[in-house]
Every structure is written in structure tokens, then in C-alpha cells.
Amino acid sequence: MRTSRYLLSTLKENPVEAAVVSHRLMLRAGLIRQIASGLYTWLPTGLRVLHKVEQVIREEMNRKGAIELSMPVVQPADLWRESGRYDKYGPELCRLKDRKQNEFVLGPTHEEVITAIGRSEIKSARQLPLNLYQIQTKFRDEIRPRFGVMRGREFIMKDAYSFHLDHDSLDKTYEDMYDAYSRIFTRLGLDFRPVEADTGAIGGNHSHEFQVLADAGEDTIAYSDGSDYAANIEMAETIETAERPAPGPDYSKAPTPGCHSVDDAAAALSITADQVLKSLIVRGERDAEGKYELIMCCLKGNQELNEVKAGKVPGMSNPLEFATDEEIAAFTGSHPGSLGPVGFKGRILVDKAAERMGNFACGANEDGYHLINVNWDRDIKDYEVCDLRNVEEGDLSPDGKGKLHLRKGIEVGQIFMLGKKYSEAMNAVVMDENGKSIPMEMGCYGIGVTRVVAAAIEQHHDERGIIWPDSMAPFEVSIIAIKPGRCPQVHAEAEKLYAELEASGIEVLYDDRDERPGVMFADAELIGVPHIITVGEKSLANGEIEYKNRRSGEKQNLKVSEIADFIKAKVAAAREHARTCADKH
RNA sequence: CGGUGAUUAGCGCAGUCCGGUUAGCGCACUUCGUUAGGGACGAAGGGGUCGAAGGUUCAAAUCCUUUAUCACCGACCA
């Protein structure tokens, strides 16, 4: 590709609105342009990168026997009513009507369509297991799109769905996909971790996320320093070791005027936050008439409620909804800052760590007062103990081996065991050996293709721009010709080298613009081409051409007669590494 | 969904408070010249329904009303 005939679209200035480095660099390097909130055009260079990522994914999916197909983005609403998700999915699901007023949705994911395909096309258990995938655009009307393509509304996903006669077969494919994903992200040069994960709106009973470690990540993951345990903080558990102290004197009321937070109350009572009980009031599950009870969740004052865990407790709203101040006032007669379990008229859930507190302080359900020296059982008889809190740095790993540490991650992939959730709801059945029709077991497996690109840049860049892993680079080689218009020999050698490398199938970006050298160097390094060749008057006088490696910074001058073979060898080695680096995984 | 802020040339911004010549600056772009190994310099140009709609006024980018869009922060509050 000649730069003069290409659309490079690089920016000299840093875009002001971009908060994270990958977003800035994707704009500057001319990979993407925003067209509306959360909607992006992929410019030619960006598209080349996307295609590279897709290629790796295809190879590894195909290697595990998955088969590619393509499903529609626009899907009939009735299909979503069948699965029950039309109402459950919420406003993130974009709904629309055609000219005949028929209802449709823009697919945020494709379980419904694939299940419809499975039930119509899979006629015999002998066809199982079957794993089908596509690489295709999804639309989710995110509350707050941000960080460029990291959280866009429209994005490209590789989604695979597997069908099975029994759970053992699903297990096998789940393992295969776990392995395939590990290979894919290794080949893409990412530093990642598979972690145990919540199943969220997709449903199912077992799931792992693949998290790329990066400070810009929106997820928090917990991992053990003494074992392989790693989980999204939404799921991460720990072992509580504290002993509950013996009850002391009877509880009494203490004034805490104007105290609306745990820290305020602790300060007013001259104690620390971990001696104060934090009481939150949330909504329970809605009944047929939309009514719900109010439920109190009690935590140690210095710990945080885990909404995912709380939402899973039977009878809770899920996703978890908090009670409004008005609801709380009407129910308890107190403002939110003065709540506590003593005398609370509703259901009380107590976190496992909070249950080990003794002689603690809590709100008095009366504005301006807290109770001190409160104790479970003695003062509060009726409560349920469950895991409600986020784990913290230094907590024990739940397998008893090592301590937990927290890091930020970007979720680039997730695999789920769906079980029979969709096949039962939508009647996707096969005959077993007894001639009895049974719903198929299903799994689903997604990779955020567009997000992978952003995640890679988060991990691979420097002050000059992107440093692509070889498997993702939009071009393998960049040739820069210095002053080709004034030096015929430079022009001739650059043209010759370009022709030879192109002829051998190498992806070359040949900067043939009659630009000043600095402009061309800056562009080549910004877009992150791994191998940069400079053809210039100076070294050509010695019969040499210059080579620079973008990643290592290594520079080398080579004879004109040797440069082509040298580059071919470099590129061949890079391709070989990109293909095989996952083999020992 | 809540809070804050923004919207004026392709991009980044000033002008708006306090209405009044032909709406301005930097970058980018075009042409010419000088330059030439790490984002050059000079000169001359082109480019605007001032987000949209309505209103007030002799006069609106500027004041009023409505509305759209975008960004950032928050959605853990006991």
C-alpha cells in the first residue's frame, strides 16, 4: 500500500475528549472516528487490525471444530418473548418496528436466534455436539458509552453457541472453548487471566471471563497469591476468620446529630468504622402485582455491599434495586443515615463478616441517634446470614491457599454453560436413545472483537504511539523514503524494495509522500508498524538501508542487496511466532 | 437515570456577562517560494445557515422559551 493512495487519517494533536490511552491512540492513529455516542466508523487502518483479530479467532475456533454461520442483527420480538427476555433484558435492548408495525429488536446477543436454528435444523442426536459461531455486529443501548470502543453501543462480537445431548458433552466443549480462548488471547499477545464470573443477563449456571489486566479496565478481579483461584469481584468469595466477641453491657442510645454516614457516626462515637454496622435497605422481588417488601442488608461499616451477590439471595430484586429515601422514611420513620436492625420490622440479611461483629454501633431508626453495644442474637433475634460483601485486598482465598489481591481488568471474552435455559423455553429438543424428546444442553462463548483491539493498545504502547503485537499489526513493514523527489536513487531503491516485499506477500505500507522525514517517522511509529525501513541518501551512499524494530527500538543498517531477505526472514519469524506461541499453553 | 459543562470553519478555541461595522484566532487545507534525517518557514488564498425551532428588538452568536446532541462525574446511600 502506498501512503499517497491510502487514507492514513493520523492526528498530530491529542484529542481532548478521550480519557484513556487506547481511545486517544485509536483516534490519533486513524483507526476509528466517532459518528454518535458509542457509534464508531472503523477507518481503513482500524479495519485491517480488526480483520487480523478475526483471523486468529477463526483459526482457533475452527481448530476446535466450531462452524461459522451468520445470523441477522434485526430479530423478531416474538423470539425474545419466547425466551422471556423481551421484558427482562431492560432498556439496553433496542426495540423497533417495521412499516407494518411488526416488532423487532437489534440483537445484543443471539441465543434466541441460534436456539431457533438449533430446533429447526438439528434433527437427530447423532448430529450432536454442534458448535456454531459468527463474527458480527451487536447493538446494546448502554447507559453510558465511554472510553471509545471499549464500551460502545455498537460493537463486533464473536459469539459461539453449542448444542449437546448431555451435560458431559457440554463440559467437554466448555473445556475446548476455555482452551481456544486461552490460545486466542495468547496469540494476540495479551496479558490476561481467566476468572470465575457471574452469568448476568445471559443466564446459565457456570461461567468464566477472560480479563485483560489493565488499569483502564472497568472490572475488578480478585486472584490468590497461593493458588490458581481468580474471580471477578462480583463472584469472589473469602473465608471469614474473625471470632465474635462475647456480649458486654446492654445496648444504649447515643446521640449522633447530623451523622448521615458510617464515618460520621464513627467519629461522633469515637470508634472506628469497622465497629459500626452499615444497614442498607433494598427492594425484594416483585410479585404479580408489582409489589415488593423492603429488606435490610447489614454489613461491616468499612466494607462494601456486593450487589450481584445480594441480588442472588432468594426473594431479592435482581438486578438489585435500592429503596428510595421516601420508602425508607415511610417504613422506618427514619432517614437513611440512622438505620439499624434493632426493632426493624422486615426481613434482615446479615453479611458473614458483619455477623462476627459484637458490641457494635448501629443506627437507632431514629434521626440523630445510634445504638451502641449492640449484639446479634441477644438484641436482634431474627436474621439470616449470607455472603453480601465485596472481598478486599488481603482477604483469604476461598480455597484456603493464599491471600486475595485485586486488579483492574478489561473483559474481552466470556464463556457460559447455559444448560437448558433456552432449549426448554423455546422447545429445542432431540430424541434420546429411548425415543424420548429432551431439551438440548447449550453453551455460549463470546469475544468482544472490537474491545480486544482497545485492550491490546492499553497493554502495548509508548509515548510515540501503538506497539502492535505481530498478530494484530495493520501492516507488517513500513518503508519510508527520504526526499524521493530530489534523490532518484532513493526513489528507485524504495520502489524496488516495495515491489519485492509486496511480491513475496508481505503487508507493506510504503510512505511515498514527498513529506519531511519527521512526519513520516512519526506516522509509522504512531500506527505501530513492527518493522520500519528507511531508505535515504545518507546510508545509501554506503550502499545501505536502515532497519528499526518498533518494539525493541533496535536499529541496524543493512546492505541494499541483503535488506529484502533480512525483512522476509523477520516477517516469517514473526508470523511463525504469532501462529505457534500458544502451542505450549 | 441524576449532577455538571459544552455546542461558533475539518479540528481546537475566543467572542455571549454588558445586543450595534464585513464573526475572529491557532492548527489543518489550496497555491507559490524557500527548506529537507524526527511532526519546517514565509507570502497569498478558500472555507461559517454561530446545534435546531420559536420569541423580544430598529438590530441577536450575544437576551427569553422550547428542543436536540455531545462530554465528564455519579448511580455505595444509610
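Because the model is predicted, local features are reported only at pLDDT of at least 70 and side-chain atom pairs count only at pLDDT 80 or more, whereas totals for chains, interfaces and linings use all residues. Residues are numbered from 1 along each chain as its sequence is written, and chains are lettered from A and ligands numbered from 1 in the order in which they are written.

A residue is taken as near a strand if its C-beta atom, placed from the backbone, lies within 6 Å of it. Around RNA strand B there are 50 such residues, of which S37, S261, P336, G518 and G536 come nearest. The elements that contribute two or more residues to this surface are β14 (277-283), α13 (517-527) and α14 (537-540), where helices (H or I, at least four residues) and strands (E, at least two) are DSSP runs numbered from the N terminus. The most is given by α13, with eight residues. By class, the surface near RNA strand B comprises 20 nonpolar, 13 polar and 17 charged residues; Ala, Val, Leu, Ile, Met, Phe, Trp, Tyr, Cys and Pro count as nonpolar, Asp, Glu, Lys and Arg as charged, and the others, Gly among them, as polar.

**Two open sheets**

Strands are said to pair if DSSP finds at least two bridges between them. β14, which also contributes to the surface near RNA strand B, belongs to an open sheet of four strands with mixed pairing, in the order β14-β15-β16-β19. Since β14 and β19 (384-386) stand at the edges with a single partner strand each, one side of each is left without a neighbour in the sheet. Neighbouring strands of this sheet are turned by 30° against each other on average, direction ignored. Strand β16 (residues 347-351) pairs with β19 in the parallel sense over three bridges, and D351 has C386 in β19 as its bridge partner.

A further open sheet has three strands in the order β13-β18-β17, with antiparallel pairing; its edge strands, β13 (252-255) and β17 (360-363), each pair on one side only. The twist averages 35° from one strand to the next. Three bridges join β17 to the antiparallel strand β18 (residues 369-374), and C362 stands opposite L371 in β18. Helix α7 (residues 262-269) packs on this sheet, touching β13, β17 and β18, and its direction makes about 70° with that of β18.

**Helix pairs**

Two packed helices are described by the angle between their axes and the distance between the axes. Here the axes are lines fitted to C-alpha atoms, for helices over the stretch in contact, and angles run from 0 to 180 degrees between N-to-C directions.

| Helix pair | Axis distance | Angle |
|---|---|---|
| α2 (residues 44-63) and α6 (residues 167-187) | within 9 Å | roughly 150° |
| α12 (residues 488-503) and α15 (residues 563-580) | 10 Å | about 35° |

Helices α2 and α6 are therefore roughly antiparallel to each other, a term used for angles over 145 degrees. Their contact, counted where C-beta atoms placed from the backbone lie within 7 Å, is made by V56, I57, E60 and M61 of α2 and A180, R183, I184 and R187 of α6. These residues divide into five nonpolar, no polar and three charged.

In the other pair, L497, E500 and L501 of α12 meet I563, A564 and I567 of α15, and by class this contact has five nonpolar, no polar and one charged residues.

Definitions and conventions: Parallel < 35°, antiparallel > 145°, perpendicular 65-115°, else oblique. Contact = placed C-beta atoms within 7 Å.
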